[in-house]
Each structure stands twice: as C-alpha cells, then as structure tokens.
Amino acid sequence: TISVAESVTSGLLQFAFSNTMDTIQFFEGGITVYNPNQKFRLLNVEPTHALAVNCVSDKVALELATNVRNKFTSDYGIGITGYASAVPESDYRLFAFYSIVNKEREIAAGKLDAEPSEGIGVQLYYVSEILTHFLKALKN
C-alpha cells in the first residue's frame, strides 16, 4: 500500500495514483500540505529546519514521506516539496526534493531540476519523475 504527502505538486501525485486500475487495492490516500504550519501540525515536520529552508529540502521530503506513511499505516510513503514557480526564495530556479520510504527505510530520494517553465508543466514533470523513481525502487 502507498500514501503520499505533497506540496509542490498540489495533489497531482494523488490524482495520478487514484486514476489507475484497482486503486483501492494499494492507494491508502494522501495529503497536500502547502502551508508550513500544516506541514508542522499534520505531518510533524520539524519547524526550525523547515523554516530555515522555506520547507524545501531533502530532510523535509523525508519527514513528509515517513510521517504520511505512519499516518496512513501504509507500506510505502512518498514525500515531495519544492518550487513550481521561479521565486526569489529559490534563486529563481525550479527544483524539488522527493523521498520514498518503505516501512522505516528510505529506498529512493533525490533532487529534481525542472526546465525554466512554470506551473502545471513543472508539476506534471515532477509527478512523472516520481512515478518513474517509485517504479524503479519497486523493481529493485
């Protein structure tokens, strides 16, 4: 089973998982936590580090993945956080961090760099990459 915690992809990863055959057999659900306070309150993201990095780091992605897996009691958890718009906080770059955990172990993680476009195209790119990395991790 799998559960998802996402920020930058705004629910598109949950949408992708919920639109497959036999979704009910493996998809436990997900949560979109866009606001830092919701990341802290709902998914126990550690605030000091998260605020220092605008909630975008490999550590925050791991906390999202681990804590959503625990909350939904699923076998796998995926967390993603990043930027889909070029903003000063990201040095006008587009990137995201993701983490995939199985039980208590991180099985895949990384940074995704996006091409200089914005919005839905960047978000769909992140979703496609996450699904690819998740499938590769399952095969390994």
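**Salt bridges in the model**

Tutor: Please keep in mind that this is a predicted model. At 35% relative accessibility, K59 counts as partly exposed.

Student: Which residue forms a salt bridge with K59, and how far apart are the closest N and O atoms?

Tutor: The partner is E46, and the closest N and O atoms are 3.8 Å apart. E46 lies in the loop between α2 and α3, while K59 belongs to helix α4, so the pair ties together parts that are 13 residues apart in sequence.

Student: How many salt bridges does the structure hold?

Tutor: It holds 5 salt bridges. One of them joins the side chains of R69 and E104, at 2.5 Å from N to O. R69 lies in helix α4 and E104 in the loop between β4 and β5, so this pair connects parts 35 residues apart in sequence.

Student: What is the relative accessible area of R69?

Tutor: R69 has 9% and is buried, whereas E104, at 61% relative accessibility, counts as exposed.

Student: Which side chain meets K103 in a salt bridge?

Tutor: That is D75, with 2.8 Å from N to O. K103 sits in the loop between β4 and β5 and D75 in the loop between α4 and β3, so parts 28 residues apart in sequence are tied together.

Student: Which residues are joined into one network by shared partners?

Tutor: E46, K59 and E63 are joined in this way.

Technical notes
Residues numbered from 1 in each chain as written. Predicted model: local features only at pLDDT ≥ 70, side-chain atom pairs only at ≥ 80, totals over all residues. Heavy atoms only, no water. Salt bridge = Lys/Arg side-chain N within 4 Å of Asp/Glu carboxyl O. Helix = DSSP H or I, 4+ residues; strand = E, 2+ residues; numbered from the N terminus. Buried < 20%, exposed > 50% of the residue type's maximum accessible area, 1.4 Å probe, protein only.
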